[in-house]
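Please look over the sequence and the model shown here, and then read the notes that follow, which are grouped by topic.

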Amino acid sequence: MSSLIDEQIHGISDGSHTFMGPEQVVIDITNRCNNNCIGCWTRSPLLRDAAPGPSWESMELPIGVLCDLITDLASIGTERIRFTGGGEPFMHPGLREVVSLTKAQGMKCAITTNFTLIGPEEVELMASLPVDELAISLWAASPQTYSRLHPNKTERTFHRICDNLKALIHRKDELPRITISNVLCAMNYFEFGPMIQFARDLGVYAVYFTLIDPVPERTDGL
């Protein structure tokens, strides 16, 4: 093993080997968000005085920084970039440009989104570039549970998400692989089975589960 390591180090030092960067990089492009998920580290209403202020919520990576980063990552062999947040990626005004650049650089592109801002224009964006994967943060299998977990949204929002998902999946041959992501907590764990059935009925590629990561003395009751 030591001789192999010595050989690799020697190869790098004499220029005969090229350093390879990470295969995947996750980029939080904006802190701005239109949701206040009950388990969020920054926007949950349960945080009260522990929530960050307006200046934090307005922060996002400038388009020039993002473009330089994407170009640099392509140059060191990164194969895949996921745009996510602190906030909702579709609230970043430069999302179309950075997704387009990612694809032009030959990398795969994934987006994690709450899907509330998706309309015909965003569907066309994902089809034309194309985005390779879409992870939709839902946390529910029913409109009642959805509205409880997203206090500034309504049951109507859940129905609109479902309608847009169905429209998207109807075109799945030309659109991204779709995963539904669910964070489990005390307010939705009982829908674990229905969440699987919901994803199956929609015909998405996968359903993903993780446990809530609570903020002590604020969201740990979840």
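Helix H4 is followed by Gly 106, whose phi is positive, near 85 degrees; helices here are DSSP runs of H or I with at least four residues, strands are E runs of at least two, and both are numbered from the N terminus. This is a predicted model, in which local features need pLDDT of at least 70 and side-chain atom pairs count only at pLDDT 80 or more, while totals for chains, interfaces and linings use all residues. Residues are numbered from 1 along each chain as its sequence is written, and side-chain values use heavy atoms, with hydrogens and water left out.

**Helix H4**
- In H4 (residues 95-104), the buried residues (under 20% relative accessible area, against over 50% for exposed and partly exposed in between, with a 1.4 Å probe and protein chains only) are Leu 95, Val 98, Val 99, Leu 101 and Thr 102.
- These residues lie on the same side of H4, because they cover an arc of only 160 degrees around the axis, taken from the directions from the helix axis to the C-beta atoms.
- Their cover includes strand S1 (24-30), helix H3 (63-75), strand S2 (80-85) and strand S3 (108-113).

**Helix H7**
- Arg 156 is found in H7 (residues 155-170), and this residue is exposed, with a relative accessible area of 69%.

Definitions and conventions. Contact means heavy atoms within 4.5 Å.
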